Structure formats: structure tokens, C-alpha cells
Amino acid sequence: MEILLNGTRVAVQPGQTIMQAADSAGVHVPRLCNYPQLKPSGACRLCVVQVKGARGLVAACTTPVAEGMEIETDSPTVADARRDVLDLLVSNHPLDCFHCEACGDCALQDYAYQYGIKEGSYDGARRQVEVDDRNPFFRIDYEKCVLCGICVRMCDEVMGYGAIDFAGRGFTTLVSTPYGVSLDDSACVFCGNCVQGCPVGALVPKSQVGAARAWEMKKVRSVCPYCGVGCAIDVHVKGNRIIKIEGAESPANHTMTCVKGRFGWEFVHHEDRLLKPLVRRADAPRGAVGREWFEEATWDEALAAAAAGIARVRDGVGPDAVAGLSSAKASNEENYLFQKLLRAAVGTNNVDHCARL
Amino acid sequence: MTNSLDEIADANTILIIGSNTTESHPVASLRVKEAVRRGANLIVIDPRPIEVAEAATHWLQPLPGTNVAVLQGMMNHILTTDLWNMEFVDSRTEGFAEFVASLDGRTPEWAASVSGVDAGLIRAAAEAYATAERSTILYAMGVTQHSTGTDGVLTLANLAMLTGQIGRPGTGVNPLRGQNNVQGSSDMGALYDTLPGYRKVNDAAARTALAQAWGVADLPAQPGAAASELPDRIMAGEIRALYLMGENIALTDPDANHTRKALTRLEFLVVQDLFLTETAAFADVILPACSWAEKEGTFTNTERRVQRFYQALEPLGESRPDWQIIVELSARLGYPMPCASPQAIMAEIAATVPQYGGIAYERLGEAGLQWPCPTPDHPGTPILHREKFARGLGRFSAVTFRPSAELPDAEFPFVFTTGRSLYHYHSGSMTRRARPLAEHRPDAYAEMDPATGSAMGLQDGDLIRVTSRRGEVTVPVRLVPGTGSKVIFMPFHFREASANLLTNTVLDPVARIPELKVCAVRVEVAQA
């Protein structure tokens, strides 16, 4: 099937939406409420395009392509319509990009820039709602919300909890829990997939607040260190600190995470981290808990002591008097080397890990 | 897993047994929810009123320790109603006659009398599983952490073969693995009885090949000690030195008091960890390892997908990646390892582990590769046992139901069972040091049925003392409707109320997995 997209012939698949066809052809249609894992909702009206013969503009995210369809994604009429939509949104949006975490990673900011909206032209009242700071995971700034509904649909369509929905109507519409209770008291499980989906600064991980913005962070691909699903993640780093973690695309998780994967990384920077090798003091009783029973050592000293202790038993009693437990948290490469050390360097099959615990 | 995570969404019937999927494997559970939205049947066999049980078409709530009986009741019904797959059984399996004989008398009514599950529910579940075009089984530690854990897994394999629900998309017997790299650790031979690639240590040919690759004269042929056997072996004086890489056995072992005692008997203990854990407190030398974020490597997930992770941070302080520490230690033990990088180690793995023969860093991309991937041009294997089983014919196992080792009695009248919660993980050494999680769910708790609790005059948050033959803990109670009048549940993440002070060390005779899911306890009201 073929369509004419901005004057160019493009092959498309039957059943594709105009937005999908445009994406495949490398033509970006602006959007706020569309998200790859969610059903299209046609809510934001930013993706309107002109279709020859159609009455008025159509939403690219919900309109299927048809043979020979002639589409203009950025004609003057389309651009005017988008400007109207953006003007309304910006008029009801705090223009505090200077200290917004989403600055540089905000769809509204990007499109306002693209369509030349400096400030809103509507003078009337602006939504004024207090920031909801009640949960330890993320901050909710209702004034920045563009009501795209991605968070609502994420919670319903993907997670199946439906903890939040639109409440109120017209100007007073807000995304809310039933009766506005804290998320703590709702069905929310704090997966934070809504936070990742938010196109603006309405939902921000608390770890990012005042800490970093998009251009300051490097994004490093990783795999979650918790359960065996193996969710792909992007670790966002500034300096030598993790600022936040987001889900990445892999067949294992398709950008989703759970609460532990997204918000459970602070142990990396915890003050309890061991930063130097330790050797037990000669006068310390076994099992005594606490750093005071250990002395700091250099790596050379500690490795020499570790090797000497193992070698003493290996050579004095026999290889099978030595055992090692590897870790299901360590990499394949490390597990391979660990068992190789026990089998080849010590000479025992006394090697196992926590597979049964 | 025999199959892949995404296939769960395409199943017509999903049988979840012994898996608290939404809490322990939340992102896997999204596929279950997707399938249910599309109209799939969801059968849940689990003693606790967990989220998937409440969403189930059929929730079978057995007493902890009676999975095998319930499954046998289902299979008996499938046989007597002729819902089994004769073509699959004839062409793909062996041992059918002995297996059928083992189900003699194992009627749904018998299963009901053992497990407490209604016989009609057992029948309905059997029919939903057997008659669907694609049925998949998801299971976790609720099946395996029993003294009959091996029987549980074999029984699931029997069920899948009996109905031909294996070797096709959307089917299979699928363990949801609990740790990010427990699959990989096992693949790499960090097991007392298998070399890398699951070759038995008494396989002389495999030993010779590895010895040659590793440049040593020979490798030991006798199976070693399983992790679960270490405390006894230490107490017997057979094991004198222990090298622990990131394991917190003083908290995660059953009968943790026994393990702690054993740790004091060691002549020498090296612990390599991020933290001074409860276990590290016993060490002679503590080597500071860095976290996964500070190094690179690969993890293999529950669907056998080998995925790369990259270094995000420089190692904190003087901490080092585990692989570097092992290389250094090995050299000092007189065995230098010529490994310059994780990528070079993977090249050695590819050369020595047949299933990983085609795995190389430059091939892994963003989607990784699923083993078996034997050659550099092999695309990986999303589904196992397609045309034939790994061993040729699938072997039915004749299993006899055995009760758990320690059952409730007059002195210890409750069944005690353990598991994870959504917000915490294992011994808590990671999650309890992650402020948002720790703040959101700071405290230990024990779950109990409201009827049982109120009969004792208990309200939510009141302190109870839970005592087994091995220890006692004092913990706030949570009254959870549907828990069952005979069951007490505790998560094992909390050192101040450690569930594993109570659990039983009895092992499954084959897998040597401890019976963490069933022991007997008594409950008393404790003073604050």
C-alpha cells in the first residue's frame, strides 16, 4: 500500500496509523499523549495532520492509513492548529523552565520552541495546585501536567492497577487517586513507569530534584541487578553518582521496570559501602559485629592474607577442606572465574551459589 | 525457562504455582495481566491470597507443602477424562506406563483430602490447562523450596508432557528465576556437581577438555559440598576455609543460628562484598567489591537471554570488580589467569561452554542472545525442546507424594512459610540501603489470618512471638484476609526479625534445596 506523505510516495502497511507510517518514513509528527506501549488516545490534538479530502484536520495517532492517502504533516494550516494547542497549554503552564528538572527533556518545551510560542496569549486564571510530595519515590507537580493521560493509561493498560484517573472537569481537571488520597493509600505500587512516560516535568523522581538535568547526565545501558527477569535499564549519571534509573528497550521488559529496579539503587552510594580492604584484628572475637574489629589494609596486604589463609588449608589439610560460594548477583564472567579458581587453583568441587535460597 | 517471557502474553491458559509473580517478578507479571485481558484462563496454585490469586479464574489454595498432591489430582482427572495428548505422549516421551501407575488412586478427592483444595476446583483447573491450545506453567521457589522440591518440578514436567503443552510458542515449564544472574551462575558451573555448561564433574571427557583449556593436569571428579551442606560440613571439621563472594548466608540460610555457629568454627573466612554484612562480621579478610554499576559484564536472565551491562560509574573508593579480585587472588594462589577484561573472559567461556559457543560481546547488541547459541552465526534459541527433548525422548517420572518434613502438631500448631515482598529483596542488604524503599516499607511483619488473630486478641501491628524448634522472632502482625487459619507468612528481608532463624534445614535429597517454605511454629502474643 502507498500513501503520499508531504509529497513523497511512501510504502506503508495496511492497519498502520498515519503516525506509525510517518515514524517508519522518518517523519516526526509532534505528539504529547502518544506512547509506544499504550493504545493511542487522540487526547492532545498535537498530532493533527491534513488529509486531502477529509473534513478538518485528523489525529495522526488514531487515523489509519488508506491506499493513496495524501497527507501533509506540517502545512501552514496544521502548524496554526498546533500553535493554538500549544498556546493553550503554555498559557496554563508555569514558565519556570530555569529550575525545572524536565528542562531539556520536555516535549512541551521542545514543541513550544519549534512553533515559536514564547509565552501563552491567554491571560485568565492559571491552574494553581500544591505539589504532592507525599511519597518517597517521586514528586507530582500538578501545575506542570498537560493532561496527556499517559500516566493514567500506563497504570491501567500496562500495570493493571488503575490507581489514578482524571478527576474534575474542564479547567479543574486533574489526574488524581480516588478521593485524592495519597498514592501510599491507593493501589499504586510505585513502579514509576508513569514517571518515565511523563512528557513534561509533572512527574519527577525525587532523586533528580535539584540534582541534574538532561544535558548534564550521561546515560549508560545496563541490566537491573534484582530479579531474574533481566530488565534492561538506562543508568543516568552525573559526576560519579547515579541520578536516576529508567527502563530501556529489551525483549525482557520493553522499557518497563518495577519499583526496585527504578528506585532501589541508592545502596550503590550508601555510607556503609566498604571502600578499603579490611583485615580482622588479632584480638577480635569471631562473630563480633562492627567495623571496630577490623583494620584497614592495602589491597596487597589483604590479598596476600586471603591467599595465605586459603593456601594454608589447601596445602595443610587438602583442597576439599576449602569451599567457595559464588554469587547470583555477579556476572557470568565472574562466576566462570570463581568456579575456575576453586576447581583449578584450589582443586575442589566445593563451589556453589545461592541458587537454592 | 523453556520458553520466553513475551510468549506468556500469548498463552490461553496460564498456570502459576508457587510464584508471587506480581511481587517477586513484577515485569514478568505484566505479560500475565496482558494475557488475562485478552481472555486467557489464569490458574493459581498458591497458599497465600496474593495478587495473582485474586485475579485468577481458578485459585487453588493448598496447604503449604501439598503442591504435588494437587498436581497429581489434576493429572489423574486428565487421564480419566481422556484429555491427555496421546500423539505427543507416543511420539515424544517414554516411561508413560509407570507414570500412569503412579497416579493410581490419586483422584481429585484424594488430592482434596491432602491439600484442602476443593476437588471440583482441581478438576476445573485440570480441564482449563489440558484443553487450551497453548498452556504455560510459571513457577518459582514455592515449588522448589521443599524437601520434595525435585518431585514438584518433575510433576510439572509430567503435566506438560501429558498434555503436550511444551515445545511450542506460549507453552512450556517456566521457572521464574529469583536473582538477576542465577541462571548465568548455574550455566557457568558455580555448582558443586556440574562444570560450566552443566556437564557433570564425573564426566571424564568434559574434565579432560577443561583441564586442557585451563592448563592444569586434572580436575577433581568427586562432587563437592552444596551451599546448603556447608554448615554441617564445617561443624564436622571437613571444611576449614571458606571464600564467599557476595553471599550473606548468616541471614539467608535456613536455621541461621546454626550457620552463624558454623562460621565461628572456620579456620579462615574471606568475604568479598559491598557491605560489612552479617556474614562478613565473621570474616578474617574482607575484600571490598564494587557494585554492578561500577563494572561491565553480562547477566543471563530467566529466559536464558545473555545481556550486556556497561560501566556507569568509576569504582567507589578502593573497591574493585569481582573479576579483578578473583584474578588477583588466583595469581597469589599460584594459578595466574590470563584474563585482561570481561570481554576476554567471555571469549574463553565461548570456547569452553558449548551453549555459549556463539556468544560474543560484539553480537549481543541491545536484545542479547538466548542460549543454546552454539556457533557464531546461531541466532539463539527462544524455545527449548521443539522437535525433541534435550535428552531425546521426554522421560515421565513416577512420583510418590510425600508430606513436608516438619508438620504442625500440638506444640507447634501453625505452618510457617516465607517469601519476598515487592519492596524488598533477599537479605535486604541492597533494598534496605535504598532510602525510598526503606522509607516506604521500613519494618518486618508476619501475616496471619484475621480470624486466628482476633481469636488471640490481636490487632494489626501488635507484636507476636513466632517460635519454631530452632529459634524465635518477635515481629508485628498483619492480619491478612484469606491467609488461611493454619498459616503464618513472613518475608525474610529483615535482620531484626529474621525469618530464617525459624526455618528448617532439611534438604531435598536430589537438589539439596532447603525446605524454606514449610516448617511448624507456634505463635504467642508478645509484650512491646
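In strand S14 of chain A, Glu295(A) is the bridge partner of Val279(A), a residue pair that belongs to the antiparallel pairing of strand S13 (residues 278–280) of chain A with S14(A), which extends over three bridges. Strands here are DSSP runs of E of at least two residues, helices are DSSP runs of H or I of at least four residues, and both are numbered from the N terminus; two strands pair if DSSP finds at least two bridges between them. The structure is a predicted model, in which local features need pLDDT of at least 70 and side-chain atom pairs count only at pLDDT 80 or more, whereas totals for chains, interfaces and linings use all residues. Residues are numbered from 1 along each chain as its sequence is written, while chains are lettered from A and ligands numbered from 1 in the order in which they are written.

S13(A) and S14(A) take part in an open sheet of seven strands with mixed pairing, whose order is S14(A)-S13(A)-S11(B)-S10(B)-S9(B)-S15(A)-S16(A). At the edges of this sheet stand strand S14 (294–296) and strand S16 (351–352) of chain A, each of which has a single partner strand, so that one side of each is left without a neighbour in the sheet.

Another set of pairings involves strand S1 (residues 2–5) of chain A, which pairs in the antiparallel sense with strand S2 (residues 8–11) of chain A over four bridges; in this pairing, Ile3(A) has Val10(A) in S2(A) as its bridge partner. The two strands form a hairpin with two residues between them, and Asn6(A), in the turn, has a positive phi of about 50 degrees. S1(A) is also joined by two bridges to strand S5 (residues 70–72) of chain A, the two strands running parallel, and here Leu4(A) stands opposite Glu70(A) of S5(A). In a regular strand the side chains alternate between the two faces of the sheet. In S1(A), Ile3(A) and Leu5(A) make up the covered face, and Glu2(A) and Leu4(A) the uncovered one.

The domain assignment of chain A, whose bounds come from an automatic or database assignment, gives domain 1 (2–74), domain 2 (217–270), domain 3 (274–307) and domain 4 (318–357). The C-alpha centres of domain 3 and domain 4 of chain A lie 22 Å apart. Helix H8 (residues 332–346) of chain A has 15 residues and reaches 20 Å from its first C-alpha to its last, which is close to the 21 Å expected at 1.5 Å a residue, the expected span being 1.5 Å times one less than the number of residues. A kink of about 30 degrees in H8(A) is centred on Lys340(A), where the bend is the angle between axes fitted to the seven residues ending at a residue and the seven starting there. In H8(A), 15 of the 15 residues are buried, a residue being buried if 20 or more other C-beta atoms, placed from the backbone, lie within 10 Å of its own, exposed if 12 or fewer do, and partly exposed in between. Gly347(A), which follows H8(A), has a positive phi, near 100 degrees.

In chain B, the assignment gives domain 1 (5–176), domain 2 (182–370) and domain 3 (414–525). The centres of domain 1 and domain 3 of chain B, taken over C-alpha atoms, are separated by 26 Å, and 19 residues of domain 1 of chain B are in contact with 25 residues of domain 3 of chain B, contact requiring that the C-beta atoms of two residues, placed from the backbone, lie within 7 Å. On the side of domain 1 that touches domain 3, the elements giving two or more residues are helix H1 (21–24), helix H9 (141–144) and helix H10 (149–163) of chain B. Of these, H10(B) is mostly covered, with 13 of its 15 residues buried, and just after this helix Gly164(B) takes a positive phi of about 65 degrees.

His254(A) lies in the loop between strand S12 (241–247) and helix H6 (259–263) of chain A and counts as partly exposed, with 19 C-beta neighbours inside 10 Å. Asp82(B) lies in the loop between helix H4 (67–80) and helix H5 (86–92) of chain B and is exposed, with 8 other C-beta atoms within 10 Å.
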